[in-house]
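Hi,

Here is the structure I promised to pass on.

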Amino acid sequence: MSAAAPKPRLKTSAMIASIASEGQITRSAPFGHALVELARNRPEVVGMTADLGKYTDLHLFAKEYPERYYQMGMAEQLLMGAAAGMAHEGAQPFVTTYAVFAARRAYDFIHQAIAEDNLDVKIVCALPGLTTGYGPSHQAAEDLALFRAMPNLTVIDPCDAIEIEQMVPAIADHRGPVYARLLRGNVPVVLDEYDYQFELGKAKLLRDGAEVLIISSGIMTMRALETAKALAADRVDVGVLHVPTIKPLDTVTLLREARRSGRLVVVAENHTVIGGLGEAVAAVLLTHGVTPPFRQIGLPDAFLDAGALPTLHDRYGISTEAMCDTIKGWLR
């Protein structure tokens, strides 16, 4: 038997590489383009950032509407306070930064200045979970846990470019504060195969399966769909339920799918297993007396390593290959 070919040596650029698989179709800056389109007929929409316009795709909005773009410098707390003030005056701010800065550095300002007054501010944040290899300072592994606990706040974790494009007008129509995770740059196109339409607060069954149900959000829905296709070759029938709205949860759909007997239920999330989608789903199921075999795939309760993203995704069990091995092990 010939030895397996060694994996190519990854360069430093892999720490910020696109999460798209080789050859996968992508769209460039879906958030930036969608916001530009939204703002054409909505003069109240403004773009605000803290020195990260280029790295959150908000530079496209700045180029199109320079008079409605506010660069606040490296001051995330000021950014959130200013956004609250703009919302009080009738504007609809779309605020961008990195997820770590919103979740850790500006949490109190979002809580007190935006959420408590239920203001119409949309906070859209790049580098969620393990989508950068730059270590704990930049890896927002706990953002969903923090923002789920904030009253009045809607929390969204979109899967791909299509969902981001659909999400932008949907959250603009929703009155109240929103926290949304953002995939920036060249973003994979995944949901085009599934006749998908984003609806705020709704989960969607993308693929049915009799043996395993993967409940997922964000990039883990892409991984779940890849896993389902790979396991089909081993005659393992896997369904995928995509849950883009983390708060409020679509409990009706979750309970309907989890009640089907004979399936292992696996929640897969690009987030620590503490306080995220997995624990939220578990609470819903237990509260309603629904108790299928239940497992979680997610990031550990630990400070994560720095390194190349493909290596880290394998190490922490959220790559497609790792998910396939884990699920087959549980089924055995």
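This is a predicted model: local features need pLDDT of at least 70, side-chain atom pairs count only at pLDDT 80 or more; totals for chains, interfaces and linings use all residues.

To start with helix packing: is the crossing in which H1 passes H7 left-handed or right-handed? The crossing is right-handed, where right-handed means that the near helix is turned clockwise from the far one by less than a right angle, and left-handed anticlockwise.

Residues are numbered from 1 along each chain as its sequence is written, and side-chain values use heavy atoms, with hydrogens and water left out.

Back to the helix pair. The axes of H1 (residues 30–39) and H7 (residues 161–173) come within 9 Å and cross at roughly 35°. Helices here are DSSP runs (H or I, at least four residues), strands are E runs of at least two, and both are numbered from the N terminus. Axes are lines fitted to C-alpha atoms, for helices over the stretch in contact, with angles from 0 to 180 degrees between N-to-C directions. On the H1 side the contact (heavy atoms within 4.5 Å) is made by Pro 30, Phe 31, Ala 34, Leu 35 and Leu 38; H7 brings Ala 161, Ile 164, Glu 165, Val 168, Pro 169 and Ala 172. That divides into 10 nonpolar residues, no polar and one charged. For those classes, Ala, Val, Leu, Ile, Met, Phe, Trp, Tyr, Cys and Pro are nonpolar, Asp, Glu, Lys and Arg charged, and the others, Gly among them, polar.

Next, the sheet. Five strands form an open, mixed sheet in the order S9-S11-S10-S13-S14. S9 (204–207) and S14 (294–299) are at the edges with a single partner strand each, so one side of each has no neighbour in the sheet. Ignoring direction, neighbouring strands are turned by 25° against each other on average. S10 (residues 212–216) and S13 (residues 264–272) pair in parallel over five bridges; pairing takes at least two DSSP bridges.

H8 (residues 219–232) lies across S9, S10, S11 (238–242), S13 and S14, at about 170° to S11. H12 (residues 320–331) lies across S10, S13 and S14, at about 155° to S14.

Finally, a loop residue: Pro 66 sits between helix H2 (59–64) and strand S3 (69–71). Its C-alpha is 9.2 Å from that of Gly 47, 19 residues away in sequence.

Cheers
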